[in-house]
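Here is a short report on one protein model. It covers a pocket, charged pairs and a few backbone details.

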Amino acid sequence: VSPVCAGAHFFSSRGPPEQSVRGEGRAGMASMGALFACRAAALLVAILLLCSPLPAGGNWLLQCSSCVDQALYSDSKIKQNIEDADLQTIMQQIKHIRIREFDHGEDEFFNKFFSKRQLGIMAHELQPVMPTAVGVLPERRWTNPKGVTNQTKNVMLIRDTHLLFATLGAVQLLAKKADVWDESIEKLFKENADIVAEQDDNRKKREDMLQQIVRAVAKVE
């Protein structure tokens with residue numbers, strides 16, 4: 001029996017440690033000492049497992065369910081082949097991404113603080129459009145709420161930071177175009193104002209000319 005299971009069995013069969021001490025004296029104290037020793041051993045094993053490096057070629061995603069995306073480590077010292085992204089291509093890719101609405105089939109794969117129904121993107125639909133945003137998880141083991149162990153293999157993943165920065169790039173492209181649009185609109189407004197002013201001036205000149213003609217005709221008569 002493992003130390004953790006032995007400890008759980010001790011509490012479930014004999015009640016809290018205080019009752020055992022009062023009921024059995026030295027036997028209770030000995031049992032408590034054994035329990036604490038088991039717990040210390042279990043804690044030591046857990047620490048050793050956490051501190052030990054993963055084996056070469058190991059699937060780190062099996063060991064880390066909430067690992068930070070490497071894209072967030074953005075210091076240029078640890079980057080290579082840095083170049084500006086092609087925002088036009090990114091914009092075209094974003095145009096072809098299908099936004100879906102769906103229900104999660106397994107409790108393991110969604111945040112329990114929110115509804116099972118959510119908006120999202122299907123990885124197999126995203127892959128032809130934006131291949132570098134999609135990966136494959138070779139294997140994952142997990143336990144459902146009923147305690148049944150499950151295993152999924154070759155499940156496609158979406159790198160959400162790729163989509164985030166793609167969206168940022170698309171927004172930048174639209175912002176640059178918006179600057180051109182604003183300049184064009186401002187120029188049109190100015191030209192329109194000049195045209196209106198010229199029309200007003202011509203109308204005033206025509207009115208003055210018409211008045212002069214009327215006065216001239218009046219004098220002749």
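## The second largest pocket

α5 (87-95) and α7 (160-220) each contribute at least two residues to the lining of the second largest pocket. α7 gives the largest share, 7 residues. Helices (H or I, at least four residues) and strands (E, at least two) are DSSP runs, numbered from the N terminus. This is a predicted model: local features need pLDDT of at least 70, side-chain atom pairs count only at pLDDT 80 or more, and totals for chains, interfaces and linings use all residues. Residues are numbered from 1 along each chain as its sequence is written, and side-chain values use heavy atoms, with hydrogens and water left out.

The second largest pocket holds about 790 Å³ of space. Of its 24 lining residues, the closest to the centre are E83, A85, I90, H162 and F165. The lining divides into 9 nonpolar, 10 polar and 5 charged residues. Here Ala, Val, Leu, Ile, Met, Phe, Trp, Tyr, Cys and Pro count as nonpolar, Asp, Glu, Lys and Arg as charged, and the others, Gly among them, as polar.

## How the pocket is defined

Rolling a probe the size of a water molecule over the atoms shows where empty space is left. The search runs on a 1 Å grid over the protein atoms alone; a pocket is an open set of points with protein on both sides within 12 Å along at least five of seven lines, whereas in a cavity a 1.4 Å probe fits but cannot get out. Lining residues have an atom within 4 Å of a point. Grid points are joined across faces, edges and corners, and the volume is the space filled by probe spheres set on the points.

Side chains of opposite charge can pair when their charged atoms come close. A salt bridge is a side-chain nitrogen of Lys or Arg within 4 Å of a carboxyl oxygen of Asp or Glu. The count comes to 9 salt bridges. R98, R100 and E125 are linked in a network of them.

E125 meets R98 at 3.9 Å, N to O. E125 lies in helix α6 (residues 123-126) and R98 in the loop between α5 and β1 (100-103), so this pair ties together parts 27 residues apart in sequence. E125 also pairs with R100, with the closest N and O atoms 2.4 Å apart. R100 lies in strand β1, so its bridge to E125 in helix α6 joins parts 25 residues apart in sequence. R98 is partly exposed at 48% relative accessible area, and R100 is partly exposed at 28%. The classes are buried (under 20% relative accessible area), exposed (over 50%) and partly exposed in between, with a 1.4 Å probe and protein chains only.

## A pair within α7

D200 and R203 form a salt bridge, their closest N and O atoms 2.8 Å apart. Both residues lie in helix α7, 3 residues apart, about one turn of the helix. D200 is partly exposed at 35%. R203 is partly exposed at 40%.

## Loop and backbone details

R159 sits in the loop between β4 (149-158) and α7. R159 is partly exposed at 34%. Its C-alpha atom is 7.4 Å from that of G135, 24 residues away along the chain.

Which residues other than glycine have a positive phi near 55°? N81 is one of them, and N154 is another. N81 lies in the loop between α4 (60-63) and α5 and is exposed at 74% relative accessibility. N154 lies in strand β4 and is exposed at 57%.
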